[in-house]
Structure formats: C-alpha cells, structure tokens
Amino acid sequence: MATQSTRTAAAVTGRPGRRPGVRYAGWLVLSVVSLAAVGALAVAIGPADVSLPDVIASIAGHLGLPAPSVPPLIDSIVWQLRLPRILTAAAVGAGLALSGAVMQSVTRNPLADPYLLGLSSGASLGAVCVVILGVAFALPAAAFLGALAALVATLSIARVGGTITPGRAVLSGLAIAQLAAAGTSFVIFWSAKGDSYREILNWLLGSLAGSSWSSVAISATALLVVGSGILLAATRLDAFAFGDTAAASLGLDVNGTRWALLGGVALLTGSMVAVSGAIGFVGLILPHLVRGLSGPGHRRLLPLVAVLGALFLVVADTLARTVFDPRELPVGIITAFIGVPVFILLIKRKRSAAW
Amino acid sequence: MVILGGVTFAIDGVTVLDDVSADIPPRAVTGLLGPNGAGKSTLLRLIAGLVKPDAGSIRLEGTIVASLPRREAAQRIALLEQSATPSVDLSVREVVLLGRIPHRSRVLGSFGGADDHLVADRALAMVGARELEERQWHTLSGGQQQRVQIARALAQQPSLLLLDEPTNHLDVSAQLSLLGQVRGLGLTSVMALHDLNLAAAYCDHILLLHRGRLVASGSPAEVLQPSVIADVYGVDCDIIEHPRGGHPVIVFSPSGTPHRHQADHHADHHAAHQRAES
C-alpha cells in the first residue's frame with residue numbers, strides 16, 4: 001500500500017493510544033487484586049468469626065504450604081463451607097458476565113443477558129429435571145440443553161421477517177423465562193418432599209448456599225474451557241459491531257461464528273445455573289459498566305468483565321448471607337435490586353428506535 | 001480487473017439481476033447507476049462474494065469470487081455499506097483495526113497482528129483522518145464517519161473497493177471531498193451512486209442498471225445521454241459540458257418545463273404573446 005504522508009500524519013508525533021493501554025492494565029491489576037482481597041475477606045465474614053490470618057493459614061495448609069495450625073472447626077468452616085462457596089460465586093459471576101458480553105455483541109442487543117433472554121430459566125428447568133426427577137443425565141449437560149432450548153425458542157419467536165429487534169428479543173425471552181420458571185416450580189411441587197418453596201426460590205432466584213468443591217469443579221471448568229474459547233474469539237466479536245453484512249465482508253462466517261458463540265454461552269450459562277440456580281442481571285450490568293473502563297473492544301472488555309463479574313457476585317453473595325444473618329437471601333434478590341435500575345437506565349438512554 | 005459474466009440473481013423468485021455482463025476496468029472508479037430497486041446494492045453484494053449468483057459468474061483477476069473462502073475474499077475485497085452504525089461506541093482506531101481481521105491468524109488473531117497498527121496508521125493518513133483516531137464513532141460527523149469507514153476498508157488492503165452510496169446523508173462539501181478521496185486512492189473501485197452529476201464528475205466508467213438489466217455501459221459521456229436517462233429514470237434533462245471540468249453535467253427539467261424540441265416554438269409563441277400585449 002502506498003503511503004501518502006499528509007500534513008496531519010506528520011503532525012502526529014509519538015504513539016497515541018499507549019495511555020489508554022496503561023490505564024486499562026491498571027484497572028485489570030486493581031480488579032484482580034481487589035478480587036483476591038475481597039474473596040479472602042468474604043471467607044472471614046460470616047456467622048462464625050474467623051480471623052483473616054486463620055483464613056490464610058487454613059488455605060495455605062490445604063495447599064501444602066508451611067502454615068501455622070488452625071483449630072479443626074475453623075479449618076472446616078473455611079475449607080469445606082466458605083471457600084468453595086466464594087470460589088463458586090467468583091466463577092459463576094465471571095461466567096455470567098462473559099455470557100452477557102458475548103450475547104450483547106453477537107445479537108447487537110444492549111439488553112441481551114442470559115437471564116432476560118430466558119437461558120437461565122431454561123437451564124434451571126433442565127437442572128431441576130435431573131436433580132428432582134432423577135433423569136439420568138449429568139447435571140451441567142441437562143442445564144446446557146435447557147439453556148440451549150430456551151435460547152433457540154427465544155430467538156425463533158423474536159425473529160419476524162428475518163430480523164430480531166432488541167425489544168422483541170426481550171419480550172420473547174420474558175415469555176420463555178416465565179414458561180421455564182413455571183415448569184421448574186411445577187416439577188419441584190410435583191415431587192414435593194418437605195421444603196419445596198425454599199427449593200423453588202433457590203432455583204428461580206439463585207443461591208450459592210449449597211456450594212461444595214464439586215460446584216467449584218463444574219463452574220471453574222466451564223469458565224476456563226468456554227471462557228478461553230470466547231477470549232480467542234475477541235476480535236470476531238468486534239467484527240459484529242457494524243452488523244452481519246459488515247462482519248461477513250470482514251471475512252467471518254457470520255452464522256457459524258454466531259451459533260458457535262451462542263452455543264458456548266448456553267454451555268457456560270448452563271454450567272453456572274447447574275451450581276447456583278438462575279441468578280439474574282449479572283450478564284446485563286457488568287458489560288455496560290466495564291465498557292466505561294475498558295472501551296468496547298472485546299480484547300480488553302472480556303478479561304476485565306470476567307474479573308469484575310466475579311468480584312460483583314462475591315460481594316452480592318456475601319451480602320446475601322450476612323444482611324439477614326442467620327437467614328439467607330437468595331442472591332438473585334440482591335442482583336435484581338442492583339440490576340433492574342440499570343436495566344431501566346438502559347431503556348431510557350438508548351438513542352435508536354430499535355424497540 | 002473484474003469481469004461480470006451473465007450474472008443472474010433472484011430473491012424469493014423475483015429476478016433482481018438478469019444476465020448482467022460487463023468488464024470493470026482496473027485502477028479506475030466505476031459508477032453503478034440506476035433507479036431505486038435497479039439491483040445496485042445486490043450487484044455489489046454479489047461482487048463482494050457475500051451472496052452467490054444463481055447463474056453466471058464474477059471473476060476478480062481470473063478467480064471466481066463465489067468460490068473464494070470468506071476470509072480470502074475479505075483479504076481482496078472491501079465493502080462499505082450504506083451508512084452503518086456500530087452497536088457499541090467504538091473509537092476510530094478500533095473501527096479501522098476491524099479491517100485487519102481477515103489478515104490475522106485464525107486462532108490467535110485476537111492478540112493482534114504484528115503490523116496492524118502500522119497499516120491502520122497509514123489507512124487513516126490516506127483519508128486524512130489521523131487527527132480523528134482517538135475520537136469515538138458517535139462523535140463524528142457523517143462525512144468523517146464515511147472517511148473512517150474508507151480507512152477501515154483500506155486496512156483490509158483490498159485490490160477491489162466496493163462502496164454502496166457512500167455520499168448518502170452527506171452535505172455537498174463532504175460529498176465532493178469523499179469522492180475526490182476515493183479517486184485519489186488509485187484502487188479499482190465500484191460505487192453505487194444516486195447522483196448522476198457526481199457520477200459524471202468522479203467516475204471513469206459507468207454501468208447503468210434498470211430493473212436488473214444492464215442498459216448501458218461506458219464513459220460518463222457515452223452513458224449519460226438524455227434519451228437513456230429519459231428511458232431509465234423517466235425524467236427530462238439536458239446534458240451540457242462543465243464550464244471548467246469538461247465532464248458532462250446533467251440539467252434536469254421539472255415537469256412542465258417546455259420540451260426540448262418544443263422549446264424554440266414555445267419561445268416564439270411567448271415572444272408573440274408579449275408583442276400582442278404591448
């Protein structure tokens with residue numbers, strides 16, 4: 001390509017664009033450090049007082065590092081109850097935030113979110129069928145199928161004349177979410193044994209109360225596998241910004257890429273719902289907030305949205321289990337209190353007439 | 001060199017393009033003209049390889065475009081759509097870097113290609129938009145957005161540049177400077193245009209479509225004849241020579257203007273009328 005040196009090109013000295021990079025790296029480091037610090041604090045907070053040094057000593061001891069001994073009761077509270085729960089919260093928060101970012105990009109819909117488009121409720125229904133009816137299917141696989149079915153249903157209903165407007169997508173997502181939530185409640189009632197209300201609430205509003213090391217394994221594996229796939233697709237996500245034709249003219253197989261990414265989102269959401277129930281709004285809020293820090297380019301957005309999603313849900317879950325101590329709120333109530341105002345702001349702020 | 005050979009295309013059984021054959025000259029600007037619905041945008045999409053013709057073929061330097069994998073097509077052909085808006089507020093540099101996507105590695109492309117920023121800098125410089133690079137897309141004027149889109153297309157380092165009504169919604173000065181810039185690139189370009197005078201001033205070659213058929217092709221002076229324009233657009237006009245540029249200028253006549261062969265007669269009549277009144 002021939003270079004024409006114009007007056008403006010000559011006037012630009014140095015390399016602008018460096019400074020946003022430094023600022024971004026700063027945010028990323030700060031977020032990772034905050035996540036570690038808040039996570040450790042969250043392990044210490046709870047009905048039984050645990051000191052921060054005990055938390056660190058207990059974790060270090062289990063990791064085979066030299067550490068002072070910790071009373072067995074404290075040790076099991078840290079290692080068996082709180083740490084798995086906080087790690088699960090972090091993985092679920094990261095997974096849901098990533099899911100939201102990907103969905104907003106490939107559907108070009110600022111309101112896309114696994115909860116609003118019905119994926120989370122579909123995943124709940126799939127998971128409940130396994131847990132309660134004893135259908136022989138691995139829990140995350142069933143939740144994945146539920147999420148995928150809900151996604152396909154929502155997008156097919158929203159599709160009129162070959163196009164899907166953001167507003168229609170949210171409306172049909174609402175219908176599918178209601179249907180799947182009703183199905184979930186029905187299945188739980190049908191097989192009622194004891195406290196079915198509690199169980200329904202946990203699946204529909206989300207709760208991390210039952211988290212164990214197997215929850216950590218499921219959610220962290222899904223996050224690492226699907227999350228790294230999504231990170232590798234970051235520039236392809238950028239290409240969707242100007243619409244399908246533009247993406248195709250940039251060399252993308254638009255439909256293949258979109259469905260591969262949405263399938264990944266269904267897998268990620270399904271795995272997260274399998275361990276935590278349907279926690280809403282994390283995928284909606286986080287990408288919008290984080291774009292303000294990272295800019296909309298996905299190479300920067302995705303890592304930061306994952307870390308801050310983790311941080312957000314760890315904080316929300318810690319509030320959920322401590323505000324009404326000893327009773328626990330479903331964490332979805334907290335995320336909804338924060339998420340719905342953001343949702344309203346987004347509807348009000350939107351300049352296009354897409355709805 | 002692009003060769004259209006008997007290109008035919010239908011959407012839902014309705015023929016949009018019917019047996020279009022033409023040669024598009026290299027390193028020149030070809031204007032694609034025709035009324036709304038003539039098939040201009042569809043033909044651009046076919047040339048870009050985004051859709052495949054039902055019959056006939058489009059060859060770019062000997063290769064059938066429809067047989068190219070998407071990615072390879074994108075390395076050779078860049079398409080500018082009609083006024084596109086991104087769903088998120090990208091910065092100018094980010095928009096231009098989108099053009100590097102087809103050149104990046106498939107697996108690790110998200111970490112960027114080595115010369116991405118260099119190519120993006122050059123592309124911005126070529127359209128005189130270096131000073132815009134830190135701006136957000138939504139803060140740009142229509143003309144600036146189109147210039148940045150052209151920079152994005154240039155970052156693809158294409159051998160063929162396709163533009164779908166690039167001057168839509170631009171004020172006259174932005175229209176002229178944009179088309180001047182396209183000419184200055186020296187690329188093989190094909191652009192759909194509505195404005196016949198812009199086409200006459202800025203295109204080397206013109207293809208005129210009407211109801212999916214190619215009705216005329218050649219230089220602006222050859223194609224833009226009053227009789228041809230009357231047939232295709234159903235409007236009356238005169239062609240004069242531009243006083244300084246020498247290219248044809250189309251002067252449209254509102255309905256009610258005296259007919260060309262009647263004009264003298266009408267003037268006589270008018271003069272006689274005035275004489276009678278005085």
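Mentor: Let's start with a term: a nonpolar core is a set of buried Ala, Val, Leu, Ile, Met, Phe, Trp, Tyr and Cys residues joined through C-beta atoms within 7 Å. Buried means that 20 or more other C-beta atoms, placed from the backbone, lie within 10 Å of the residue's own.

Trainee: Okay, which residues touch the most other members of the largest nonpolar core?

Mentor: Val305(A) and Leu162(B), in a core of 186 residues. Helix H4 of chain A, residues 72–106, gives the most to this core, with 17 residues. Helices here are DSSP runs of H or I, at least four residues, and strands are runs of E, at least two, numbered from the N terminus.

Trainee: Before I go on, what am I looking at?

Mentor: This is a predicted model, where local features need pLDDT of at least 70 and side-chain atom pairs count only at pLDDT 80 or more, while totals for chains, interfaces and linings use all residues. Residues are numbered from 1 along each chain as its sequence is written, and chains are lettered from A and ligands numbered from 1 in the order in which they are written.

Trainee: Back to Leu162(B), then. What does it touch, leaving out residues up to four places away in sequence?

Mentor: Its partners include Leu44(B), Ile47(B), Ala78(B) and Val190(B). Contact means that the C-beta atoms, placed from the backbone, lie within 7 Å.

Trainee: And chain B overall, how many helices and strands?

Mentor: Chain B has 10 helices and 12 strands. Its C-alpha atoms fill a box of roughly 85 × 45 × 30 Å along the principal axes. Of its 278 residues, 42% are buried.

Trainee: Where does the domain assignment put the domains of chain B?

Mentor: Domain 1 covers 2–223 and domain 2 covers 235–278; such bounds come from an automatic or database domain assignment. The C-alpha centres of these two domains of chain B lie 38 Å apart.

Trainee: New topic: how many residues does each chain put into the contact between A and B?

Mentor: Chain A puts in 34 residues and chain B 35 residues. The chain A side divides into 16 nonpolar, 13 polar and 5 charged. For those classes, Ala, Val, Leu, Ile, Met, Phe, Trp, Tyr, Cys and Pro count as nonpolar, Asp, Glu, Lys and Arg as charged, and the others, Gly among them, as polar.

How values were computed: Two residues are in contact if their C-beta atoms, placed from the backbone, lie within 7 Å. A residue is buried if 20 or more other C-beta atoms lie within 10 Å of its own, exposed if 12 or fewer, and partly exposed in between; C-beta atoms are placed from the backbone.
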